[in-house]
Each structure stands twice: as C-alpha cells, then as structure tokens.
Amino acid sequence: MKEGAWSEAWTRLAAGRVARIAFLIMLALILLALLGPAFSPHASATLDWQSVATAPGGSSRHWLGTDRLGRDLFVRTLEGARVSLAVAAVASVVSISIGLGYGAVAGYVGGHTDRLMMRFIEILSGLPLIFFVIFVTVLFGRNEVLLFLSIGAVGWLTLARIVRGQTLSVRRREFIEAAIVSGASGARIIVRHVLPNVASPAIVYATLAIPQIILLESFLSFLGLGIQEPQASLGTLIAEGAGELQSAPWMLLVPGTFLTLLLLSLNLVGDGLRDAFDVGERG
Amino acid sequence: MALLDIESLEIHYERAGRRVETVRGVSLAVEKGECVGLVGESGSGKTQLFLASLGLLPRDARMQGSVRFEGHELMGADARALNRIRGSKLTMIFQDPLSALTPHLRIGAQLGEVLTTHRGCSRSEARAAALAALARVQISEPERRLRQYPHELSGGQRQRVLIAMALLGDPCMLIADEPTSALDVTVQAQILAFFETLRAAQPLAIVLISHDLAVVARLAERIVVMYAGRIVESAPAARLLARPRHPYSELLVQCAPKIGGPRLERLPFVPGRAPRGEDSFVGCAFAPRCPRAAPRCREERPLLETGRAGAVACHFPIDS
Amino acid sequence: MNGSLLEVRSLAVAYDGIPVLEDVSFEVAVGEAVGLVGESGAGKSTLARALVKLVAARRGALIFRGVDLEQCTGRALRALRRELQIIFQDPFASLDPRMTVGRALLEPLEIFEPRSSRAHRDARIRGALVRVGLGAEMAGRYPRELSGGECQRVAIARALLPHPRLLICDEPVSALDVSIQGQVINLLADLNRREAMALLLISHNIALVRHLCGRIIVLLEGQVLEIAPSERLPGGARHPYTHALVAAVPTLESLSRGLLPATTAGGAGGDARLRRGCVYARRCPHAEDRCRQTRPLLETVGEGHQVACHRWRELSAGGLS
C-alpha cells in the first residue's frame, strides 16, 4: 500500500548520482564481505608459517598480505567486516524498534506519560554511553550477542527523541483527528498513521547511525572489550594493525581502507535518503 | 513605456521526466500607477508569472521571453541588479503572512533590518522609520507591535506588517499575491480598503492576484483572467464584470459570492477541475469545462485577439 | 423539522484557563442545515472539535439523539461517533499523505464494519466515491495527486461511510478556489436534502452559509450574538456585528457601496479574561456605556430569531447603517 511513497523516494535516491554510486559501493562491500572469503583458498584462522607478515603483492599467495601469524588478511578483513556489519544490523534493528515504538507512544499519548517517558530518556542519556556498554560487558562477560544488544539498547535514545518530535507534529495534523472521529483506537492510529509518517526520518537516522555503531564496536574491540580472538572485527584488526604500523603498514591499511569505504558509502547513502525523503514530504 | 512589461513569457519545469508548463506565453504590461487585477484558479500560472518577474522562481525553472521594469531587462539579470530593484521599487507580498516573517525576530527588528541594510540608516533612524511605516498601514498600537514577535499578532496585523515592510523601500509597484485569502472576510475588507487609501495618496501600481473576482473588482481598473498558463481575457474592470466575453470569465463572474437577493438552491461553479502544468491541450484549454464549447474549440487553440474594449482568446466570444 | 438531533447546552471550553467558548447553546434538528459564522478566534473550530470530543468541554452538555456525549466514553462513544462526523478546512492535511484514497476510505469500514467481506467493502468504497462525484479509479491515487476540491470530496466520502446523521463541516471550502467552492457546497446541499443528513456548516463567510443553511448562528469571541433564519438575511439581521459580517463580504453587487470603516469590521482579539459587557462593544459603532458594562443575553426577537444586543430595538427602529 505504501509502495507509492517509498518507490518515489527510491526513484529520487537513484536520481542523485553520488548517492547512487555510494549505494552501489555499499552493496558491493557487503556482498564482498558475505561471499568474498569463499573465493579465497585460505581460511581466516589458518596459520601460514611460510609467509608471516608478507606484504600484499603479486608474488605472494596472499592477495592482501598476511599478519604476524601468517593469517590471510583478505579473508580476515572480510570476516571482520561481516562481524562488524552483523553488530551494526542487530544494534540498529534493536534501536530502531525501541526508538520508533517509544517515541511514537510518548509523542502520541502526550501529557504525563510523555513527560515521564522523556525524563527516563534524559536520565539514560546522562549516563555515558560507552560506560554503559563497558559496564554490561564487565558484568556479564564478553559475549557477542550481549555486545550487539547493549549497543542497540543505548542507540535508541536519540531516535526516540526524533520520532517523538515528528509524532508531535504529525499528531496535530487533521488526518489524525479524522481517524479519531472515525472511531480508530490509539493503537491503530499509532500503527497506521503515525509510524508510516515518521518512518522516513527513522530510516535516514538508521543509515547514519550504522557507521556510528560500527565505529563504536571498533572502538570497544580496540579497547579489548569487543570481539575476542581468533574472531576478528574491523575494530580488532585495526587495533592489531596499528601496533604494526612501522613494520607492516598493510595490516592497518587493509582493514582501515575497508572501514573507511564502508562508512563513507553508508553516510552518503544516508544523506541521499534524507534528501529523497525531504522532497517526498514536500511533494 | 510601461512600468512593467512582460513579453511572451514562458515557464516550464522538467519534473520526474515530465514537462510541466506553468506559464505558456503571456504578455502583460502594467502602467505607472495602474491597478491590475489578475484572476485565475490555482495552477493557472498567475503567481509564477510574477515570481519570474522578480527572479524568485526555483532554480530548475526554465524561462523564455522578456520582463522589463522601467526599461531594464530583468530576465537573466544578475542577483545584485535584481536585489536593487526588488525590495525597493518593485515589491511583492504573499498569501501567508506568518511564513513570510522570521519567527524569532521582533517586528521592529525585521522592519529595521530592511532600513539598516538597504538604506544605511542608523538604528534610531530605522526605529523611527519602522514606527512611521506601521502607523502608515493603520495598525493599532504601532509602538507595541514593534516589540512583538510575529506569532503574537493576528493574521490581519501580520499582513499589515508585511505591507509596511514592502512600502519601506518606497516602491512604485506592489504585487499582492492573494493577500487576503488566508484572512477573515472582515479583515480582508480592511486590507482592501487600505489599498484603496494607499493608492489615493500616491501613484502606486498594484497587481492584485486572486482566485476571486470580487476581491479584485473594487480596486482594479483592468482585470486580466488567466487560465492554464495563458491570458484568456483582459479588459477594463467595469466592462469585464458587466459583460464578460470569455465563457470562463462569465463563469467566474457568476461564481463570485452573493450576499443579497434570494437564497440560491444551488451555487454556480465552474465544472470539472483546473488543469495542471502536466496537461497538454490541442485546442482551447478551457474547452473540456466550457459550457459553450464547439468541435472547433477542441481542435484549434484560440489566440488572444485585441479589440476595442480589451482582448479575448475565444473562438466564440460572448457578444453583448 | 422533526425533533432535535443535537442539543448544545451552555457549552464552555477553555485552553490553559483562557475561555474560548462561553455558554454556547443551540440546537440542530434532524435533517436541518445550520450555519455557524464568525471570524478566526471566535471559537468556531473549537466548537466543531468539542462537538466530536476532540477537545474536552469544561462545562455544559452535548445531547446527541438523547444521549449526553459528555457522559459517554469508550465503546458507547465510538458507536455514537459513527453518526457524528466532521470534515476539516485543509483538504490536504485531512488525508494521510501515505495512504491511497482507497485505503483512507477503507479505514472507517474496518472499524465500523469489521465483519464485512472484501467485496462488500470494495463496493462501498466505489459507491462512496461515486456519491461525491468522483470516479472509482480515484481509489488508487495518493492525496498529492489530487486537486484541493478532489481531496475535500474524498474527505466527505470518508465521513459519509459510517452513515452519519450530522456532518460538521469546518470551513469546508475556504481553502478552495471560488470557482469550485460551489461544487462542494452543492454536494453538501444535495446530501442534506436527499438523505436528510443534518449539517453544521462553519465558515467565516456569511454569503456562503446563507444559501445552504436555514438558520445561521453568529459567534464572536466564544459567544453567540445572534441566531437568525437565513431568509431574514441580509437585511433582517438584528445585531450590528452580523451587519458588519454581511457588509464585509466582497461581492460584485456591492461595488457601488463604500467599503467599511475599519472600526466596525474585523480584528478580533484582546484579552478575553479582562472583558466585561458585550464582546462587540469595543468595535461597535453603536456602543453605549451599558454595552461595555453588562453583557447582553440572547433574547427572542422573532420566530426562530434570537439576538444578544442591548440596543436591538432602537437600532432596528432607526435602521442600521
């Protein structure tokens, strides 16, 4: 039913050249992370003692070189990217669902409920976000799923605020009053009328938040709180590479380039989406 | 030489691969001190025509033709030249007075800004001039209004402030685009009465744009009717109101609100819907809605033909 | 007319302690068309929203078909809402931009006829579109693809689906071009006449309301100043404010008359909490001391004709200018 509006936004997104290229790059990077390792003869955990810390180059059997333990960097970077993307996906799904629901309910119901719900958000955002994640990690031990969830659980605060603000302005529109007069219940109005009309900023926010989540995960892993060896994420790889900057710069450059490209393309897609939806709102 | 001379103006857009034509060839001259009423439905191109004259169209607008103000060509003029003219000699006010004012600035500051930036007035001079300008538009308690924010004023007061702002530059031409459509009839009557006194006091050319003939009828010396991006009739106001020659003008005359006379069972209206910029026409654009349309009207586009008492674009103009 | 459909008794509404409506009382009979006229700030839209309980009343009773809406909640309220529908001024804002016309029309059916079949609903939607003079192919369109007049018809079609007995129209045509206002007004008139659906038509333009409605209520700053049968208008109005409203309408008939002096017309406002006396006294050319001190009450001046003015007798004898 909503295809019209979405497909229109999609057409506009595709019309922006930068966003389109960024989208293709993003897609390529994700596909590469998912399928790439299958085309390499090496496994990520295999230690190749014949070629320890070899630089990338034609002569080597390892396309993008190896690390101190002789593990193939190409495969390791892609598998690390997989982990990072999984964190981002789970965390953003968690934060979008909480943020959308929480913000829409607070904004629509209003009054004391709204004040109480927003006060709660203020208290939570008073806590340093990283502190919270570190706290959870220390408390429950290092656990990937927990890490995903806890990043997502702190990420929804901003979104809930955005959605609440949008809901407040949507709620004043006459089509909401028309729905109330048609006998629609509060829940129905939130699901049918409020959420579809606040979804576009949420999606834009999500595309712009994914890079932040990836960075946060990388940062936590860099601190040693995230993914554990032999598992790798882009963050742990960069942390490792940073230590070998003098002797083996490619260990930083390979995962670093991948991360940079991924973040850049995600940001550009997010910007493009925002423009696309912006016009959609006006038209 | 006319004050404002629009010649064969065409405006179109390319939107989502479609050609959207808003003005399809309009020539219109406004003389010094003349009051022209421009009437048409939404989408008839009446606003676009003057936005184009002031260089205020969106960037993707494609324009052809010429717009001369006091003999200077405005089409393709650079921003500085345009800025010198608009806001001083040629000025425009819009339908929605709230969105035309900056919400977080006091009225006094907004009026003063025009004076300090454009005229190099000192702050105290600007304040005095702003106060005089508010007094001139007959706003109540002008001193207090200077200190107020736009949202604290009523719709009518906001429109007066905008008119005051427009008059600051001492213009010789004011374009008023549906200046009263967002206002109550009572406030509308006041604003129109004010325009009347304004014109009595100084030779100011006014273009009054509206969808309602009755709104422009009082003030306008000449009425121009637009339909689907073209002028369909242009005539002295009294003649057009008494004896419209284009069937569309006739319908508009009938649609004007009536307060006296017996109660009507049915209100007159123009059937169908107003055409949009995407629509293209072989014959007369009004033919699909015209009660007098003949086969010829659907095949051949009538041209605007100038006669003794005005111009009309119709194969079968109504004769008196 | 046969019996009262809606009775508003001493309705008062306030926002943040500031009174918007004070002691408003009137009736709408079954199948009647009533006009409500006043400037912005008069409380017209608040009244419309109070009648469908979109805003809460502070005092008073709303008796709809013998039931007090103020005492109604939950399911009982929802059942009454079917019969009491409203359309709004801004035709684009009153339709959800992300829903097709068909989808928007489906909503009341899903709520009020949850058990009906799909085929039945489709037929009802098509029927509703035809009823307001739109083609069935409109169902697939989005509001932004429609003109203002078409949007307003869709809003009417949606309001008609639950078979209301009273349709409240809050400035239904003031966002539309004059040239097509007649289309919508005539549609409302037809529905009123043919289907005995009562109308409460709210507008700032008395000229529009006069043709469609049998009775006209004049509201200023939350108070009823006059209730008059339409055939008495324009000449037989008794309140000076009603005369000012009549005179302000731009018409082609009035070209020979002078425009109004600014004092009699327009410019509602002022602090509602401070006022005593007649709400129109400040702007009234006929105001005397007693007008500023004591508030006039509505008194009957003729068959179905009430006015709240201290001086109506003298003024009607002397003729209002």
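In this predicted model, four strands of chain C form an open sheet in the order 2-1-4-5, and the pairing within that sheet is antiparallel. Strand 2 (18-29) and strand 5 (67-68) of chain C stand at its edges, each with a single partner strand, so one side of each is left without a neighbour in the sheet. Chain C also holds an open sheet of eight strands with mixed pairing, and chain C is in contact with chain A as well as with chain B.

- On strand 4 of chain C, strand 1 of chain C finds another antiparallel partner, the two being paired over five bridges, and here Leu6(C) stands opposite Phe64(C) in strand 4 of chain C.
- Strand 4 (residues 59-64) of chain C also pairs with strand 5 of chain C, in the antiparallel sense and over two bridges, with Phe64(C) standing opposite Val67(C) in strand 5 of chain C.
- Phe64(C) therefore has a place in two pairings, since Leu6(C) stands opposite Phe64(C) in strand 4 of chain C, while Phe64(C) itself stands opposite Val67(C) in strand 5 of chain C.
- Helix 1 of chain C lies across strand 1 (4-15), strand 2 and strand 4 of chain C, and it runs at about 120 degrees to strand 1 of chain C.

**The eight-stranded sheet of chain C**

- Eight strands of chain C make up this open sheet, in the order 6-7-8-3-9-10-12-11, and their pairing is mixed.
- The edges are formed by strand 6 (84-87) and strand 11 (299-302) of chain C, each of which pairs on one side only.
- Neighbouring strands of this sheet are turned against each other by 25 degrees on average, direction ignored.
- Strand 10 (residues 223-229) and strand 12 (residues 305-307) of chain C pair in the antiparallel sense over two bridges, and Glu226(C) has Val307(C) in strand 12 of chain C as its bridge partner.
- Helix 1 (residues 44-51) of chain C packs on this sheet as well, touching strand 3 (33-37), strand 6, strand 7 (166-170), strand 8 (198-203) and strand 9 (215-220) of chain C, and its direction makes about 150 degrees with that of strand 7 of chain C.
- Helix 5 (residues 148-160) of chain C lies across strand 6 and strand 7 of chain C, running at about 170 degrees to strand 6 of chain C.

**Where chain C meets chain B**

- Of the two pairs of chains that touch, chains B and C have the most contacts between them, with 50 residues from chain C and 44 residues from chain B taking part.
- Together, chain C and chain B bury about 4000 Å², of which 55% is on carbon and sulfur atoms.
- Three salt bridges are found across the interface of chain C and chain B, including one between Glu150(C) and Arg273(B), whose closest N and O atoms are 2.6 Å apart.
- The interface of chain C and chain B also has 22 residue pairs in polar contact, counting pairs with both residues at pLDDT 80 or more.
- On the side of chain C that touches chain B, the elements giving two or more residues are helix 6 (178-195), helix 7 (206-212) and helix 8 (240-248) of chain C, and the largest share, nine residues, comes from helix 6 of chain C.
- By class, this side of chain C has 21 nonpolar, 17 polar and twelve charged residues.

**Where chain A meets chain C**

- In this contact, 26 residues of chain A meet 28 residues of chain C, and the two chains bury about 2500 Å² between them, 51% of it on carbon and sulfur atoms.
- Five salt bridges are counted between chain A and chain C, among them the one in which the side chains of Glu110(C) and Arg188(A) meet at 2.2 Å, N to O.
- Chain A and chain B, by contrast, do not touch, and their nearest C-alpha atoms are 9 Å apart.

Note on methods. Residues are numbered from 1 along each chain as its sequence is written. Chains are lettered from A and ligands numbered from 1 in the order in which they are written. This is a predicted model: local features need pLDDT of at least 70, side-chain atom pairs count only at pLDDT 80 or more; totals for chains, interfaces and linings use all residues. Side-chain values use heavy atoms; hydrogens and water are left out. Contact means heavy atoms within 4.5 Å. Buried area is the accessible area (1.4 Å probe) that two parts lose on being put together, summed over both. A salt bridge is a side-chain nitrogen of Lys or Arg within 4 Å of a carboxyl oxygen of Asp or Glu. A polar contact is a pair of N or O atoms within 3.5 Å; within protein, one must be able to donate a hydrogen and the other to accept it, and residues adjacent in sequence count only if both atoms are side-chain atoms. Ala, Val, Leu, Ile, Met, Phe, Trp, Tyr, Cys and Pro count as nonpolar, Asp, Glu, Lys and Arg as charged, and the others, Gly among them, as polar. Axes are lines fitted to C-alpha atoms, for helices over the stretch in contact, and angles run from 0 to 180 degrees between N-to-C directions.
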